[in-house]
Amino acid sequence: MLSSKERISKAVGLLLSSPPGEVDDVFNDIRGIVNDDDALQEQIESVLAESNMQQFLVVSVPEKESKVLLTPYNQVSEGRYLDPNTRTEFAFDHLRRVASDVQDSESSEQEELRASLQKELDTYVEAHYPEGAATVFLHEGSLVSCIVSNKFSPNNYWNGSWRAVWSFNPETKQLNGSTKVKVHYFEDGNVQLDTQSDFAADVPDLPSDTVSVSQKVAKLIGKYEAEFQQGINDGYRQLADKTFKGLRRTLPVTRNKIDWEKIANYKLGGELVNAEQ
């Protein structure tokens with residue numbers, strides 16, 4: 001029989017593979033499996049932190065009219081995160097999902113370019129993602145733009161998430177990105193879409209002013225994300241037109257359509273004969 005620690009070690013890994021919007025449900029199931037809240041709390045904090053950063057959890061910064069994404073790119077130390085838009089850092093309780101202890105933070109040398117790209121991405125996200133949010137971070141010499149858009153509808157048995165990370169290095173003029181979509185449909189079953197696409201491009205002939213650079217980078221991000229979206233749409237059309245049709249015969253082996261009305265009449269006639277007997 002597994003010990004409490006072994007059960008926890010095996011169970012908490014399920015959190016990292018939880019469908020979007022269902023972490024709480026999985027956590028409650030784990031509590032039932034482990035049946036030891038004290039032991040669970042000792043190990044769950046780090047896993048919840050990884051899950052929240054993986055899902056780009058949107059956090060409201062206390063005393064600031066600002067929302068920031070929790071990501072590996074703005075983690076200052078264990079349990080503390082940076083909000084570059086308000087130049088503050090804060091503590092975050094991953095179990096209760098509460099931010100606190102807001103403190104001022106120093107701005108970086110590339111803040112002008114970061115703030116300009118943030119403005120462009122805010123406009124882009126507002127136009128394309130009704131439930132979206134984005135934050136631009138400075139990380140190891142690059143501008144890292146994180147985008148998330150969640151749509152949760154558990155009453156209709158589905159949840160979905162769009163996440164993207166774009167890294168632009170002004171020195172090498174390289175733009176690298178990764179976009180991921182995950183959707184879970186669970187009415188009388190368990191169907192998941194989990195797809196990802198990576199991008200890489202040179203950004204030559206950069207303008208000299210920060211506004212034009214930001215506009216060019218944001219335009220490229222929009223271009224590649226539109227291509228990714230179109231690829232998903234084309235994939236669904238192929239499923240409907242080809243893949244699903246290949247799962248069944250258009251006609252029976254006889255190559256003749258079945259006359260269901262005639263079969264029904266045969267069945268009815270047989271039932272009448274049996275009734276008379």
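Start with arginine 97: in this predicted model, arginine 97 has a relative accessible area of 36% and counts as partly exposed. Select aspartate 24 next, whose side chain meets that of arginine 97 in a salt bridge, at 2.9 Å from N to O. The two ends belong to distant parts of the chain, 73 residues apart. Aspartate 24 sits in helix H2 (residues 23–34), while arginine 97 lies in the loop between strand S5 (88–93) and strand S6 (98–104). Aspartate 24 is partly exposed as well, with a relative accessible area of 42%.

Now select arginine 96 and aspartate 93. They form a salt bridge whose closest N and O atoms are 3.0 Å apart. Arginine 96 counts as exposed, at 56% relative accessibility, because the cut-off for exposed is over 50%. Aspartate 93 is partly exposed, with a relative accessible area of 23%.

Move on to helix H4 (residues 111–128) and select arginine 114 and glutamate 111. Their side chains meet in a salt bridge, 3.1 Å from N to O. The two residues are 3 apart in the helix, so about one helical turn separates them. Are these two residues buried or exposed? Both arginine 114 and glutamate 111 are buried.

After that, select Arg80, Glu89 and Asp101 together. Salt bridges that share partners join these three residues into one network.

To finish, display the salt bridges across the whole model. How many salt bridges are there? The count comes to 8, and the pairs visited above include aspartate 24 with arginine 97 and arginine 96 with aspartate 93.

Terms used
Residues numbered from 1 in each chain as written. Predicted model: local features only at pLDDT ≥ 70, side-chain atom pairs only at ≥ 80, totals over all residues. Heavy atoms only, no water. Salt bridge = Lys/Arg side-chain N within 4 Å of Asp/Glu carboxyl O. Helix = DSSP H or I, 4+ residues; strand = E, 2+ residues; numbered from the N terminus. Buried < 20%, exposed > 50% of the residue type's maximum accessible area, 1.4 Å probe, protein only.
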